Amino acid sequence: MTTATDLLASLADIAPDSELAQARNTREAATRHAQGSYEVIFSQQDADFPLAERFALAAQVAEWNAQPALQAHYQPQAGALDNSPRHELALAWAHRLTFEPVSATPEHLQALQAAGWTARGIVTLSQLVAFINFQSRLLAGLQLLQGHASTATALAVVAGVWHQAATTASGKTALTAFTQQDLGWEPWLAAKPLTEFTDEEKQVLAKFGHTDSDYFRLLARNLPVLEQRTLTDKGIFFTSGGLPRADRELAAAVVSKVNGCIFCASVHARKASQLSKDFDSVEKLIAVAPGGKLSEGQSARWAAIIDFSAALSVTPQQATLGQIVALQQQGLDTLALLDVIQSSAFFAWANRLMLTLGEPFIPSDVKGAV
């Protein structure tokens with residue numbers, strides 16, 4: 001991929017012959033599909049979510065994330081957002097996803113539908129906002145790797161809050177603490193029935209092994225965006241070399257702790273445990289209570305990864321050059337640093353969908369084990 005077709009390379013001013021450009025070429029799939037996600041979201045001609053609205057919301061989310069270059073990219077193509085219920089609720093939804101996704105409820109989705117948003121439109125709106133949160137953090141990380149000092153102050157980012165309700169919206173047993181156990185997840189919007197997919201669309205779902213997943217069939221209400229997002233995910237997490245896979249999964253769990261996403265944390269903490277064979281250290285991370293320092297009691301290497309991933313995850317992000325230096329002191333080269341950034345940034349996207357389109361529950365076969 002050349003910088004002419006790579007928005008992030010352009011905005012971060014990455015020289016084509018630089019070590020960072022080489023690292024991004026090594027992660028070609030992640031680079032290509034992050035760009036592909038952008039291109040799909042901002043090219044669809046959907047009557048229920050026009051492009052002018054998409055660009056306006058993207059510019060606003062970029063501003064909330066303190067990314068002026070990204071905001072300036074989206075602003076010229078933005079339409080005006082009036083004070084209609086449709087636009088007011090979409091803007092409120094974008095603000096909630098950006099700053100406090102854990103506070104979303106089924107009633108917020110019902111209000112969007114009452115204001116005229118279709119199920120596909122709500123999915124696309126949520127994907128767009130979550131994607132800009134990912135894109136903003138990825139850009140911030142790339143700028144740090146270019147040596148551009150941020151205005152952030154190094155902070156000890158702490159664990160976020162999470163739901164304390166005893167039951168889900170449908171009455172299932174809910175989660176009130178983080179766990180490494182297998183969990184279920186139920187959507188607040190109806191997943192698209194498999195019978196409504198074309199044969200070609202079913203093949204796309206089957207390619208990723210998600211035909212039976214309510215979560216993926218819900219996101220598949222906009223299948224082209226889901227496909228690019230899934231390929232971005234695989235390009236970030238399932239590639240060889242660079243940062244060990246266990247450390248990438250650790251970063252995903254850290255971001256989930258910051259955002260209060262119990263479901264995502266359960267999946268990726270479990271993977272980090274399996275791959276690192278260090279269950280106790282992962283358990284120590286996910287057991288941190290709201291307001292507690294996430295890196296407390298961890299090894300120097302994992303503490304450096306945890307501190308950086310957490311700082312990149314708040315809004316606006318607070319990662320610093322000093323944290324990059326701390327990672328380098330633990331032996332991370334440019335490719336490994338890119339992996340930390342991409343793994344952390346991606347879960348700014350994933351958490352915001354999981355937290356706002358549904359909720360986790362405890363399956364009956366693991367009840368009492370969490």
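A helix here is a DSSP run of type H or I with at least four residues, and helices are numbered from the N terminus. With that in hand, let's walk through this model, which is a predicted one.

Start with Ser-273, which sits in helix α13, spanning residues 262–276. Is Ser-273 buried or exposed? Its relative accessible area is 8%, and buried means under 20%, so Ser-273 counts as buried. Setting aside residues up to four places away in sequence, Ser-273 touches Gln-180, Asp-278, Phe-279 and Val-282.

Now look at who α13 packs against. Helix α12, covering residues 245–259, lies with its axis 8 Å from that of α13, and the angle between the two is about 155 degrees. Because of that angle, α12 is roughly antiparallel to α13. The crossing of α12 past α13 is left-handed. If you want to find the meeting place, Leu-250 and Ala-253 are among the α12 residues involved, while the α13 side includes His-268 and Leu-275.

A second pair of helices is worth a look. Helix α11 (residues 223–237) and α17 cross at roughly 145 degrees, and their axes come within 10 Å. Here, too, α11 passes α17 in a left-handed crossing. On the α11 side you'll find residues including Ile-236 and Phe-237, and they belong to a contact in which α17 supplies Phe-346, Phe-347 and Trp-349, among others. By class, the contact of α11 with α17 counts seven nonpolar, three polar and two charged residues.

Next, the inside of the protein. In soluble globular proteins, nonpolar side chains tend to be buried together. In this model, the largest nonpolar core has 120 residues, and Phe-42, Tyr-74 and Ile-132 touch the most other members. Which helix gives the most to this core? That would be α17 (residues 334–357), with 15 residues. Zoom in on Tyr-74: leaving out neighbours within four places in sequence, Tyr-74 is in contact with residues including Leu-7, Tyr-38, Phe-55, Phe-131 and Gln-135, as well as Phe-42 and Ile-132.

Finally, visit Arg-24, in helix α2 (residues 19–26). Arg-24 has 6% relative accessibility, so Arg-24 counts as buried. Beyond residues up to four places away in sequence, Arg-24 touches Asp-6, Leu-8, Ala-9, Ile-14, Thr-31, Leu-142 and Leu-338. Take Ala-9 from that list: Arg-24 and Ala-9 are 15 residues apart along the chain, and their C-alpha atoms are separated by 9.3 Å.

How values were computed
Residues are numbered from 1 along each chain as its sequence is written. This is a predicted model: local features need pLDDT of at least 70, side-chain atom pairs count only at pLDDT 80 or more; totals for chains, interfaces and linings use all residues. Side-chain values use heavy atoms; hydrogens and water are left out. Buried means under 20% relative accessible area, exposed over 50%, partly exposed in between (1.4 Å probe, protein chains only). Contact means heavy atoms within 4.5 Å. A nonpolar core is a set of buried Ala, Val, Leu, Ile, Met, Phe, Trp, Tyr and Cys residues joined through side-chain atoms within 4.5 Å. Axes are lines fitted to C-alpha atoms, for helices over the stretch in contact, and angles run from 0 to 180 degrees between N-to-C directions. Angles under 35 degrees count as roughly parallel, over 145 as roughly antiparallel, 65 to 115 as roughly perpendicular and the rest as oblique. A crossing is left-handed if the near helix is turned anticlockwise from the far one by less than a right angle, and right-handed if clockwise. Ala, Val, Leu, Ile, Met, Phe, Trp, Tyr, Cys and Pro count as nonpolar, Asp, Glu, Lys and Arg as charged, and the others, Gly among them, as polar.
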